[in-house]
Amino acid sequence: MIERTIFHDIRDKKAAADIVYEDEEVMAFKDINPAAPTHLLFIPKKENDVIPSIADLTDETAHVPGLLIRTAQQFAKNRGIDGYRLTFHVGRGGGQMVFYIHLHFLSQQSL
Ligand code: 5GP
């Protein structure tokens, strides 16, 4: 168990967010403070996949970054977005503020 964050509440639909994609394993929603015309956050949904940060990866959770990247890649392809930037902030020193692993997806193209 990790400390609950606002992203737990968004995942559980207890807090509002502009959700643009969801399947059984991953959810993507718009960043509340966008740094590009499209700025999304991809998060894992399954409790066993939810870790605070890349810094906490183990053999059991090593698939999670790939899951988020693959989902973002498929999302971009389906939406016709052909250029984007994917980023993980790792730890406070890396600019991380929310300790629920998430992939930033930024594009100059609008959704
Ligand atoms: P990081 O932890 O990687 O620095 O980034 C966290 C991101 O989450 C920030 O870009 C911030 O704007 C976004 N964020 C923080 N709180 C909320 C929220 O309640 N809703 C949404 N949609 N985004 C949030």
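Modeller: A nonpolar core is here a set of buried Ala, Val, Leu, Ile, Met, Phe, Trp, Tyr and Cys residues joined through side-chain atoms within 4.5 Å. Buried means under 20% relative accessible area, exposed over 50%, and partly exposed in between, with a 1.4 Å probe and protein chains only. The model is predicted, so local features need pLDDT of at least 70 and side-chain atom pairs count only at pLDDT 80 or more, while totals for chains, interfaces and linings use all residues. Residues are numbered from 1 along each chain as its sequence is written, and side-chain values use heavy atoms, without hydrogens or water.

The largest nonpolar core has 16 residues, and Leu40, Phe42, Leu68 and Phe105 touch the most other members. Two or more residues each come from strand S2 (26–30), strand S3 (38–44), helix H2 (64–79) and strand S5 (103–107); helices (H or I, at least four residues) and strands (E, at least two) are DSSP runs numbered from the N terminus. Helix H2 gives the most to this core, with six residues. In soluble globular proteins, nonpolar side chains tend to be buried together.

Phe105 shows the surroundings of one such member. Leaving aside residues up to four places away in sequence, Phe105 touches Thr38, His39, Leu40, Phe42, Ala72, Ala76, Ile81, Tyr84, Arg85 and Leu86, where contact means heavy atoms within 4.5 Å. A second, separate core has nine residues, among them Phe7, Ile10, Val50 and Val98.

Helix H2 also holds Gln73. Gln73 has a relative accessible area of 30% and is therefore partly exposed. The Gln73 side chain makes a polar contact of 2.6 Å with the side chain of Arg70; such a contact is a pair of N or O atoms within 3.5 Å, one able to donate a hydrogen and the other to accept it, and residues adjacent in sequence count only if both atoms are side-chain atoms.

In the loop between S3 and H2 lies Thr61. Because its relative accessibility is 5%, Thr61 counts as buried. Beyond four places in sequence, Thr61 touches Asn48, Ile51 and Asp56.

The structure holds one cavity of 30 Å³ or more; a cavity is a set of points on a 1 Å grid where a 1.4 Å probe fits but cannot get out, and lining residues have an atom within 4 Å of a point. Ser53, Ile54, Phe88, His89, Gln96, Ile101 and His102 line the largest cavity.

Technical notes. 1 Å grid on protein atoms, 1.4 Å probe; cavity = no way out; pocket = protein on both sides within 12 Å on 5 of 7 lines; lining within 4 Å. Points joined across faces, edges and corners; volume = space filled by probe spheres on them.
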